Amino acid sequence: MKYYSTRDKSVRLDGAEAVKQGLSRDGGLLTPETIPQIDEAFLRGLASASYQERAAKVMGLFLTDYTEDELRTFAQNAYGPDKFDHPAAAPLRKVNENTDCLELWHGPTSAFKDMALQMLPQLLSAALRKTGEDKTACILVATSGDTGKAAMEGFADVPQTKIMVFYPKDGVSAVQEAQMVTQEGQNVGVCAVRGNFDDAQAGVKRIFSDVELREVLADRGYFLSSANSINWGRILPQVVYYVSAYCDLLRDGRLQYGKKINVCVPTGNFGNILAAYYAKRMGVPLGRLICASNKNDVLTHFLGTGSYVRNRPFYTTMSPSMDILVSSNLERLIFDLSGEDDAEVRRCMELLNKAGEYEVSPAVKAALKDLFWGGSCGEAETSATIARYYKDYGYLIDTHTAVAANVMEQYRQESGDQTLTVFASTASPYKFCDHVLRAIGETPRGCGTDLLDQLHTVTGATIPSRLAALKGKTRRFDQTAEKAEMERVVQAFLQ
Ligand SMILES: *Cc1c(COP(=O)(O)O)cnc(C)c1O
């Protein structure tokens, strides 16, 4: 299977090369040239399999230049009991007769990013081997909280890699900061940046496009790489859990084969819901894909109108991982829905760059309407949804998951569609203790990791063991830089 660029179909790369490059040189996203098709026998075969086996089988359909043995080993390493606190890795929790929650936060950092970032470093490591690369990959990450920690946890002490994470000094939760500055591993670096997430991200982009720096680093034996969700190696492991959720429902007799389920995903960069789209394209019987946004509703507007309008107010919300104005992975969807029309993608992306907005063709608009439904949820509704789930179902959910639960209800009310729906839970409520406490009517007492205990005392919900262990950990990183100093930080890190 080859991968081509959404902006130039003449680019043709093997899977390993696509994982290593991350982004195509023309700025496009690397995308499989065909979507493998699965059938009833395939899904039934996986119904009795472990999550690890499911992952190896599904990923093997796309990564044909990796051996089955390799992928099986990677999946064992990624999703085993030393990493995940649930044997099913991504279990379904039944909420009521027609609602299930897909819990994606049982990994080492308690956010769904682990599902991909426990896998990507292994795919990359093998890719370096397969492509005969002798330089060390240096992963640069700008994070609004979850990605940085999950990437470090995945890359810590992986040979031939180093990772440097920048986070906005006052832009992450106390638990998220504690997670990052206590990270272990000889090849990791962490630095706070004075400014917001966009400043950190702009700094990283600047470093990536700095040709001189690139040459200096190459002389020292490094090349820069990204663990952002534009990398195919992050999307593919996410396709697995949608296949897996359907298999679980089959296995448990909740579903006849062929019956469709809807999926609802709390969305930021459009990576997670794009993975659901690929699962549907492969032949998993998925119905409506419900795209949930917080107050930053650029995607709701896009799915409703076919117009992407980036120039709009930016809101900081209690679901920060969804505070985003440009959802990069949408480019892959437009490519696919336009019949793989790279010229059409170039047209849209150029307009986005120049004018800050674009409109898709009538055919793509119609396809979007058919497949997706977009909705958004404000701050008060997010809190109210956390409170309601806790009261009605005894189920504590985080702020991002609550956005999904709320938008799922909006969809049901508007459409009358009562199909069994799986909504994705993307973080443990313990990552956002203060908002979750307030939502269920408590006053947060103390700060930082103290709130873990308070939330536990009030609700009795189990604290993920790695979060509980944060309190005893030593702070390893204390560096704060101005945004203009980020390059210097990278230079020093790669001495
Ligand atoms: C990253 C993240 C999201 C958004 O996922 P995308 O793939 O960017 O759409 C939602 N919730 C949480 C908790 C996240 O960390």
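**Figure 1. Arg 54, Asp 248, Arg 251 and Asp 252 are linked in a network of salt bridges.** A salt bridge here is a side-chain nitrogen of Lys or Arg within 4 Å of a carboxyl oxygen of Asp or Glu. By this rule the count comes to 29 salt bridges. This is a predicted model, in which local features need pLDDT of at least 70 and side-chain atom pairs count only at pLDDT 80 or more, while totals for chains, interfaces and linings use all residues. Residues are numbered from 1 along each chain as its sequence is written, and side-chain values use heavy atoms, with hydrogens and water left out.

Figure 2. Helices (H or I, at least four residues) and strands (E, at least two) are DSSP runs, numbered from the N terminus. Arg 44 is partly exposed, at 44% relative accessibility. Glu 40 is also partly exposed, at 34%. Buried means under 20% relative accessible area, exposed over 50%, and partly exposed in between (1.4 Å probe, protein chains only).

**Figure 3. A salt bridge joins Lys 473 to Glu 184.** Their closest N and O atoms are 3.1 Å apart. The pair links distant parts of the chain, 289 residues apart. Lys 473 sits in the loop between α21 (465-468) and β16 (480-482). Glu 184 sits in the loop between α8 (174-181) and β8 (188-194).

**Figure 4. Helices α4 and α6 cross at roughly 145 degrees.** The axes of α4 (residues 68-79) and α6 (residues 120-130) come within 10 Å. Axes are lines fitted to C-alpha atoms, for helices over the stretch in contact, and angles run from 0 to 180 degrees between N-to-C directions. On the α4 side, the contact (heavy atoms within 4.5 Å) includes Leu 71, Phe 74 and Ala 78. On the α6 side, Leu 123, Ala 126 and Arg 129 are among the residues involved.

**Figure 5. Strand β9 is mostly covered.** Five of the five residues in β9 (residues 222-226) are buried. Tyr 222, Leu 224 and Ser 226 lie on one side. Phe 223 and Ser 225 lie on the other. Five bridges join β9 to β6 (residues 136-142), and the two strands run parallel. Strands pair if DSSP finds at least two bridges between them. Tyr 222 of β9 is the bridge partner of Thr 136.
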